[in-house]
Amino acid sequence: MDEHSTPEATAFALKLLSLRNHSRFELAGKLRKKGYSSQTAEAALDYLNEKKLIDDEAFARELIESRRKRKPAGRGMLRCLLLQKGVPESVASDLLQDYDGLEEALQAGRKKLASLKGRDGNEQKKRIEVFLRNRGFEWPVIKETLESLFTTGPECGEDQSESA
């Protein structure tokens, strides 16, 4: 495709942006996959950037919020995901600087615990620990989540241990 296809590349990118927000990196890859040259893709992306229709920081914020609600993850996994999507390292670091993930870990841990009913308490703890570690949560967050989920007493609500 030649330089006259820049408007078509721009239109294609706008169509993608109408479906969901994308990073510049993602759009560049999709434009190249569609058959546009790197030069044409860059011209289209520069135009969209100039019009403030591409914003990697806004994209990253939306992605983090989406993951918080849909599939909670720890800082490590979110950082990797953002970098895979082409979000600059500085943007990812800034957005995740104050992210501790405790609420998200508790949410994911409660859901996982519900699926482990009938299993031994130690097995439940181990499985939840592995599950949270695989989701990219850091050990202090995992430890606090396990303590919260498996602590008994009147202030903690329902007892999670087996009682006769």
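Trainee: Why is Leu17 called buried?

Mentor: The model is a predicted one. In it, Leu17 has a relative accessible area of 16%. Buried means under 20%, so Leu17 is buried.

Trainee: Where does Leu17 lie, and which residues is Leu17 in contact with, leaving aside its neighbours within four places in sequence?

Mentor: Leu17 belongs to helix 1, residues 6-19. With those neighbours left aside, Leu17 is in contact with His22, Leu27, Leu48, Leu53 and Ile54.

Trainee: What makes these count as contacts?

Mentor: Contact means heavy atoms within 4.5 Å.

Trainee: Why is Glu147 called partly exposed?

Mentor: Glu147 has a relative accessibility of 43%. Glu147 is part of helix 9, residues 139-150.

Trainee: Which residues gather with Glu147 in a patch of negative charge?

Mentor: Asp100, Glu103 and Glu144 gather with Glu147 on the surface. Asp and Glu count as negative, so the patch is one of negative charge.

Trainee: How many helices and strands does the chain have?

Mentor: There are nine helices and zero strands.

Trainee: What share of the chain's residues is buried?

Mentor: Of the 164 residues in the chain, 38% are buried. The chain exposes about 10,100 Å², and carbon and sulfur atoms supply 49% of that area.

Key: Residues are numbered from 1 along each chain as its sequence is written. This is a predicted model: local features need pLDDT of at least 70, side-chain atom pairs count only at pLDDT 80 or more; totals for chains, interfaces and linings use all residues. Side-chain values use heavy atoms; hydrogens and water are left out. Patches are made of residues with over 30% relative accessible area and no salt bridge: like charges are joined within 9 Å, nonpolar side chains (Val, Leu, Ile, Met, Phe, Trp, Tyr) within 5 Å. Accessible areas come from the Shrake-Rupley method with a 1.4 Å probe; for residues, only the protein chains shown count as cover. A salt bridge is a side-chain nitrogen of Lys or Arg within 4 Å of a carboxyl oxygen of Asp or Glu. The place of a charge is taken as NZ of Lys, CZ of Arg, CG of Asp or CD of Glu. Helices (H or I, at least four residues) and strands (E, at least two) are DSSP runs, numbered from the N terminus. Buried means under 20% relative accessible area, exposed over 50%, partly exposed in between (1.4 Å probe, protein chains only).
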